[in-house]
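Here are my notes, as promised. Have the model open while you read, and click along as you go.

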Amino acid sequence: MRLRKLNDKTYMSEVLRLLKKKYSGQMQTSLHHETPWQLLVATILSAQAQDAQVNKITPALFRDLPNVKEYARIRPTALYKYIGSIGLFRSKAKSIVESAKIIMNEYHGSVPYTMDELLKLRGVGRKTANVVLSNAFGTNSGIAIDTHCITVANRLGIARTRNPVKIENRLMSIVPKHDWSNVSHLFIALGRDVCTARKKRCGECTLRNICPSSTAMKRRR
Ligand code: SF4
């Protein structure tokens with residue numbers, strides 16, 4: 001049966017069922033954190049970097065500077081010794097310190113929990129805001145779209161664009177709201193495992209019988 005010919009919501013429902021079965025332990029961010037502020041910092045650091053790289057540097061950072069108020073008092077250069085191994089560390093340091101100042105001055109030291117407020121922080125786009133909202137506050141305001149999600153959504157035939165906002169809107173129209181956070185985590189898990197941008201291993205993929213880009217399925221025809 002080729003589910004891709006059924007309506008998009010039915011297709012996505014089967015995609016999610018299979019992905020949940022395979023990656024049930026990965027429906028949360030892999031960025032280590034203990035507070036919303038630490039998750040915000042880790043997510044800013046994770047732009048164009050791997051979560052594993054970020055998790056290597058945040059233990060020392062969060063040990064010495066655990067709370068937002070400490071970041072609001074320092075210069076961005078004070079962060080270099082902790083985050084210097086991460087790409088774009090200078091601009092990320094500025095974003096973290098500026099965001100800390102805004103949070104201290106305008107939100108009494110608490111990370112805001114709406115999309116509009118998060119987008120006013122420095123260096124915070126929809127992806128970062130969605131990660132914080134869903135993982136720190138349990139709020140599904142949107143769907144965090146990273147490079148894995150872009151690759152997987154296109155190969156699954158759900159999107160024909162690399163524009164993250166268009167992909168987010170498309171997924172929001174066919175995935176039930178309670179699964180918005182899950183779909184992001186599951187696409188990331190699939191993208192890291194067998195559907196990488198460089199190479200797809202369709203023969204090992206749990207979606208090989210329903211994905212329109214599956215080479216495993218084509219071989220059987
Ligand atoms: S079947 Fe292949 S192309 Fe489709 S999601 Fe799986 S690995 Fe990616």
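The points below go from the whole chain down to single residues.

1. Ground rules. This is a predicted model, so to speak of a local feature I need pLDDT of at least 70, side-chain atom pairs count only at pLDDT 80 or more, and totals for chains, interfaces and linings use all residues. Residues are numbered from 1 along each chain as its sequence is written.

2. Overall make-up. You'll find twelve helices and zero strands in the chain; these are DSSP runs numbered from the N terminus, with helices being H or I of at least four residues and strands being E of at least two. The C-alpha trace spans about 65 × 30 × 30 Å along its principal axes.

3. Two domains. The chain splits into domain 1 (3-27 + 143-220) and domain 2 (36-137), with bounds from an automatic or database domain assignment. Their centres, taken over C-alpha atoms, are 28 Å apart. Eight residues from domain 1 and five residues from domain 2 make the contact, where contact means C-beta atoms, placed from the backbone, within 7 Å. On the domain 1 side, helix 10 (residues 164-174) gives the most, with three residues. That side has five nonpolar, one polar and two charged residues. For these classes, Ala, Val, Leu, Ile, Met, Phe, Trp, Tyr, Cys and Pro count as nonpolar, Asp, Glu, Lys and Arg as charged, and the others, Gly among them, as polar.

4. The core. Of the 221 residues, 38% count as buried; that takes 20 or more other C-beta atoms within 10 Å of a residue's own, while 12 or fewer makes it exposed and in between is partly exposed, with C-beta atoms placed from the backbone. The largest nonpolar core has 54 residues, and Val132, Ala153 and Phe187 have the most contacts inside it. Domain 1 (3-27 + 143-220) and domain 2 (36-137) each supply at least three residues to this core. A nonpolar core here is a set of buried Ala, Val, Leu, Ile, Met, Phe, Trp, Tyr and Cys residues joined through C-beta atoms within 7 Å. Leaving out residues up to four places away in sequence, Phe187 touches His148, Cys149, Val152 and Ala153.

5. The ligand. Which residues are closest to the ligand? Cys195, Cys202, Cys205, Cys211 and Ser214 are, in a shell of 13 residues; a residue is near if its C-beta atom, placed from the backbone, lies within 6 Å. By class, the shell holds seven nonpolar, two polar and four charged residues.

6. Tyr71. Look in helix 4 (residues 68-72) for this one. Tyr71 is buried because 24 other C-beta atoms lie within 10 Å. Leaving out residues up to four places away in sequence, Tyr71 touches Leu65, Ile96, Val97 and Ala100.

7. Most residues other than glycine have a negative phi, but Leu88 has phi near 60 degrees and His108 has phi near 55 degrees. Leu88 is in the loop between helix 5 (80-83) and helix 6 (89-106), and His108 is in the loop between helix 6 and helix 7 (115-119). Leu88 is partly exposed, with 15 other C-beta atoms within 10 Å, whereas His108 counts as exposed, with 7 C-beta neighbours inside 10 Å.

Technical notes:
Contact = placed C-beta atoms within 7 Å.
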